[in-house]
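Subject: Structure for your files

Hello,

Here is the structure we talked about handing over.

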Amino acid sequence: MHGYYGTYVSVVVLFLIGGLIVGGGMLANRSLRPHRPTREKLTTYECGVDPVGDGWAQSYVRYYVFAYLYVIFAVDAVFLFPWATVFSAKGYGSVTLGEMFVFLAFIAAGLVYAWKKGVLGWV
């Protein structure tokens with residue numbers, strides 16, 4: 001298929017094929033699995049804790065700090081992949097290497113700051 005609308009038709013066909021594959025997998029799962037619901041299986045499951053009492057529970061804020069630090073460093077690591085592809089291009093080697101060291105210095109400064117504040121201590 002060539003032309004302007006041909007590209008859209010191929011995308012729609014690919015979406016349909018993907019939907020058929022996912023739908024077929026879900027249909028196969030539903031037809032092959034055992035179905036024996038019990039009272040225990042139908043209760044709400046929340047992180048291994050039985051849902052009893054009221055909905056208020058205290059949690060440590062440092063768990064959220066660890067989650068934020070993980071997200072920050074995971075997002076920063078995503079920027080390493082485009083750098084690696086540009087680094088091999090002709091004429092960009094020393095410039096991109098310098099930029100990456102500046103980038104890694106910012107990440108290291110953030111990690112040192114978190115360590116100095118005592119955020120990285122689990123207890």
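Predicted model: local features only at pLDDT ≥ 70, side-chain atom pairs only at ≥ 80, totals over all residues.

Residues are numbered from 1 along each chain as its sequence is written, and side-chain values use heavy atoms, with hydrogens and water left out.

The chain has a mean pLDDT (the predictor's confidence in each residue, from 0 to 100) of 81, and 89% of its residues reach 70 or more. Confidence is highest in helix H1 (residues 4–32), at a mean of 93, and lowest in H3, at 76.

There are 4 helices and 0 strands in the chain (DSSP runs, H or I of at least four residues for helices and E of at least two for strands, numbered from the N terminus). The order along the sequence is α-α-α-α.

Of the 123 residues, 6% are buried (under 20% relative accessible area, 1.4 Å probe, protein chains only). The accessible surface (Shrake-Rupley method, 1.4 Å probe) is about 11300 Å², with 71% of it belonging to carbon and sulfur atoms.

Helix H2 (residues 61–78) and helix H3 (residues 80–87) have axes that come within 4 Å and cross at roughly 20° (lines fitted to C-alpha atoms over the stretch in contact, with angles from 0 to 180 degrees between N-to-C directions). H2 is therefore roughly parallel to H3 (angles under 35 degrees). Asp76, Ala77 and Val78 of H2 make the contact with Leu80, Phe81 and Pro82 of H3 (heavy atoms within 4.5 Å).

Regards

Terms used. Parallel < 35°, antiparallel > 145°, perpendicular 65-115°, else oblique. Buried < 20%, exposed > 50% of the residue type's maximum accessible area, 1.4 Å probe, protein only.
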